[in-house]
Amino acid sequence: MSRRIESVVDAVGNTPLLRLRNVAPPGVEVYAKLEFANPGGSVKDRPALRMMRDALADGRLTKDKILIDSTSGNTGVAYSIFGAALGVRVHLVMPSNVSKARKDIAEAFGTEIIYSDPLEGSDGAIRLVREIVEREKERYFYPDQYANASNPLAHYHGTGREILEAVGDRITHFVAGLGTTGTMMGTTRRLKEHTRPIRCIAVEPDDALHGLEGLKHLPSSIVPPIFDAKVPDETRPCSTEAGWDMSDRLAREEGLHVGHSSGANVHVAVQVAEELAAQGKTGCVVAIVADRGDRYFAPLKWEKRYIW
Ligand SMILES: Cc1ncc(COP(=O)(O)O)c(C=O)c1O
């Protein structure tokens, strides 16, 4: 349905659910929630916008402060877009080995990038942003997506509500990966309010050294304060290989070119669907597709079998 909007921020949310017919077994419905349809191209548009709006509303963020945060990329793109649209300056701290495309996108909106040690990964970026903010508290607004309640709330009021609107009469399972854990926490809390039980499954890389960008191996990471282990019904591991292979299959068999965390989510969703089919059961599994695959083009592709 065509609609007229006043600002790019109004284009966030209401993403479609796509039925995956070719990678899923017959008899069980598997849907991908296409978060790349947000204006910044990822699921992170939702929490970024909500954190900014909530902070502008209560005065933690003003037009003369600089928004600063650590990000592996997608949240940074989102801050950059909404910073430009809302008139807020943005500085981002990210490991220097994130893809050039991501740096270029953020800089296109006027964002300043500060690089952290690539060997320290996203935890190193978190430590550096905290040092910078500690030195000049008055100058910055630090949303801290790992500890900010607006992050899961964006998914509670958005992602979860939209899934129920689209398939609330049939959904049996929900699958999302763990990064900041905002998607899993907020969406699951909303789905748990539904009249019928919905089994919510978190996806985690199976190893500390993994190639599923956007996801965290919690046992070897700083656990995000917004994470509550009691929220998901279950956590399933996913290997880098399985996530990458499902990304390839989604492109070739469904015409859906997605990032590797999305491949991991759909891999687990199909695993669940196959288990249901093997027991002769029906079901409806919804998985989050967090972003598009073109963010991960060269030089990462060739490393698939060798580095991770
Ligand atoms: C590509 C991608 N997938 C998944 C996630 C995880 O989402 P969340 O931070 O809500 O746990 C992120 C978060 O940065 C991401 O960028």
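Tutor: Start with the largest nonpolar core, which has 31 residues. Those with the most contacts inside it are Leu20, Val175, Leu250, Leu256, Val266 and Val285. Strand E2 (28-34), strand E8 (199-205), helix H7 (240-254), helix H8 (260-278) and strand E10 (283-289) each supply at least two residues of this core. H8 gives the most, with eight residues.

Student: What makes a set of residues a nonpolar core?
Tutor: The residues must be buried Ala, Val, Leu, Ile, Met, Phe, Trp, Tyr or Cys, joined through side-chain atoms within 4.5 Å. Helices (H or I, at least four residues) and strands (E, at least two) are DSSP runs, numbered from the N terminus.

Tutor: A word on the source. This is a predicted model, where local features need pLDDT of at least 70, side-chain atom pairs count only at pLDDT 80 or more, and totals for chains, interfaces and linings use all residues. Residues are numbered from 1 along each chain as its sequence is written, and side-chain values use heavy atoms, with hydrogens and water left out.

Student: Why is histidine 260 called buried?
Tutor: Buried means under 20% relative accessible area, exposed over 50%, partly exposed in between (1.4 Å probe, protein chains only). Histidine 260 has 6%, so it is buried. This residue is found in helix H8.

Student: Which residues does histidine 260 touch, not counting those up to four places away in sequence?
Tutor: Gly211, Leu212, Gly243, Trp244, Ser247 and Tyr296. Contact means heavy atoms within 4.5 Å.

Student: Why are H7 and H8 called roughly perpendicular?
Tutor: Their axes come within 7 Å and cross at roughly 90°. Axes are lines fitted to C-alpha atoms, for helices over the stretch in contact, and angles run from 0 to 180 degrees between N-to-C directions. Under 35 degrees counts as roughly parallel, over 145 as roughly antiparallel, 65 to 115 as roughly perpendicular, the rest as oblique. H7 and H8 are therefore roughly perpendicular to each other.

Student: What makes cysteine 238 count as buried?
Tutor: Its relative accessibility is 2%, so cysteine 238 counts as buried. Cysteine 284 is in no disulfide either: the nearest cysteine sulfur, that of cysteine 200, is 12 Å away. At 0% relative accessibility, cysteine 284 counts as buried too.

Technical notes. A disulfide is a pair of cysteine sulfur atoms within 2.5 Å.
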